[in-house]
Amino acid sequence: MESAGRNPLLSSQKSSDSGVQAVLHPLVLLTISDYITRHTLRAQQGPIVGALIGQQNGREITIEHAFECATEAKDGDVVLQANWFSQRLDQMRTIHKSPQLDLVGWYTVLPKSGPTPAILPIHNWILSEHNESSLLLAFHPEEAVQHSVGSKLPLTIYESNYEADEPKADQGEDKEMRDGEPPLKLKFRELPYSVETGEAEMISMDFVARGAGNATLVEPREQKTAAEPTADADSKGKRRAEAAKSKDKEQEPEEHILSSEDEELIAALTAKANAIKMLQSRINLLTTYLERLPPSFLSTNNATAAVPEGQYTTPSHPILRSIQALVNRLSLLVPSDTQAYELEMQSEANDVHLMELLNDVMQSVTEARGVGRKFGIVESAKSQNKKLLENPAGLGSGFNFSGAGDLTI
């Protein structure tokens, strides 16, 4: 039953047999996600295909940059435009000279089950024309929309390998004898990968993360059907124009622009929230693992709800020892003197509240000084006007004119 549902393009060999490991950079993930987003929102036709460039150092392959590719239909198959691809690849090689980057693979959107026969024309062309050890990065959109915190990236990296089909186990004893070796077929083998970030990428990732907090959704306004009123329009037309302008102003969405301090606070709180969610998911995973152990591994005091026999987890002594060591270290997180710890936390909280109160008092004093200054200006202007009214003859002799900065009440 398992062989019937197995993908025939996937290799039966383990990924550790080849020793090849891929190193993925975040800039590639940003490029792929941007391409998929634009392709989806614009409702573009055709598959999502792009190239990966990087370096190959021994058994380690780095994937550092990516760019989208143009495709065309040929004899019922989707293939790359050869001339366009060659020119674009030469441009990318010229741009990334230090260090020199070259084509290491390509990417597309695939289901979690693995590669499909539709990708074979593109992959075979890249193997024959550019790189005989090309990688395939499969992005899984169905996993990206689940938003599960702490899970793996929604992608899989495959290497291509030519293997012979394994002989199927026959029920009878008689088997057909064939001379020669069986034909080799292209298979895809999953590769382990790690994510590595450079200094320049860290700056760009931080900029993207900060910009996400300042993003606003602005809906497009409806096009105006009526023409703008002319200057010699009648009063009724002017009223309609003013009403339309006021209505447009009311319909304009409010944009809340955050300051740099607010963006830093949002980024810090988001990182802490994600860390807490990841910790909670790991704790739930450990709890589920312990609850589904066979009854022989559970004591009578720790007995949980009945679990069907077919759903028991396979006990792993290294994992159980790691969990026990983790539980034993929890006592180190609890302070030895709880009362002193609580008093210290309370004093720090009081200091924070006291600083907030002092800040409020200083702001109130500043506002009161501003009000007093304005009140003094108004009172001096009143007294000056009163003198002018009582002695109008002294206006010409005393040259007591009001200046540009004086207030007249």
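I start with a definition: two strands pair if DSSP finds at least two bridges between them. Helices (H or I, at least four residues) and strands (E, at least two) are DSSP runs, numbered from the N terminus.

Ground rules next. The model is predicted, so I note that local features need pLDDT of at least 70, side-chain atom pairs count only at pLDDT 80 or more, and totals for chains, interfaces and linings use all residues. Residues are numbered from 1 along each chain as its sequence is written, and side-chain values use heavy atoms, with hydrogens and water left out.

**Entry: the sheet**

I looked up the strand order. An open sheet of 8 strands runs β9-β8-β7-β6-β2-β3-β1-β10, with mixed pairing. β9 (184–190) and β10 (193–195) each have a single partner strand, so one side of each has no neighbour in the sheet. From one strand to the next, the twist averages 35 degrees. Angles run from 0 to 180 degrees between N-to-C directions, and axes are lines fitted to C-alpha atoms, for helices over the stretch in contact.

**Entry: strand β1**

I then followed β1 (residues 21–24). It runs parallel to β10, joined by 3 bridges. It also runs parallel to β3, with 4 bridges. Which residues stand opposite Leu 24? In β10 I found Val 195, and in β3 the bridge partner is Ile 63. Val 23 stands opposite Ser 194 in β10.

**Entry: helices on the sheet**

I checked contacts here (heavy atoms within 4.5 Å). Helix α1 (residues 26–41) lies across several strands, including β1, β2 (49–57) and β3 (60–68), at about 30 degrees to β3. Helix α2 (residues 82–95) packs on the sheet and touches β2, β3 and β6, making about 120 degrees with the direction of β3.

**Entry: the cores**

A nonpolar core is a set of buried Ala, Val, Leu, Ile, Met, Phe, Trp, Tyr and Cys residues joined through side-chain atoms within 4.5 Å. Buried means under 20% relative accessible area, exposed over 50%, partly exposed in between (1.4 Å probe, protein chains only).

The largest core has 23 residues, and Phe 67, Leu 80 and Trp 106 are among those with the most contacts inside it. β2, α2, β6, α3 (120–129), β7 and β9 each give two or more residues to this core. Another core, of 20 residues, lies apart from it and includes Ile 48 and Leu 155.

**Entry: Ser 11**

Ser 11 sits in the segment before β1. Is Ser 11 buried or exposed? Its relative accessibility is 11%, so Ser 11 counts as buried. Among the residues that Ser 11 touches are Glu 163 and Phe 188.

How values were computed: Lists of a residue's contacts leave out its neighbours within four places in sequence.
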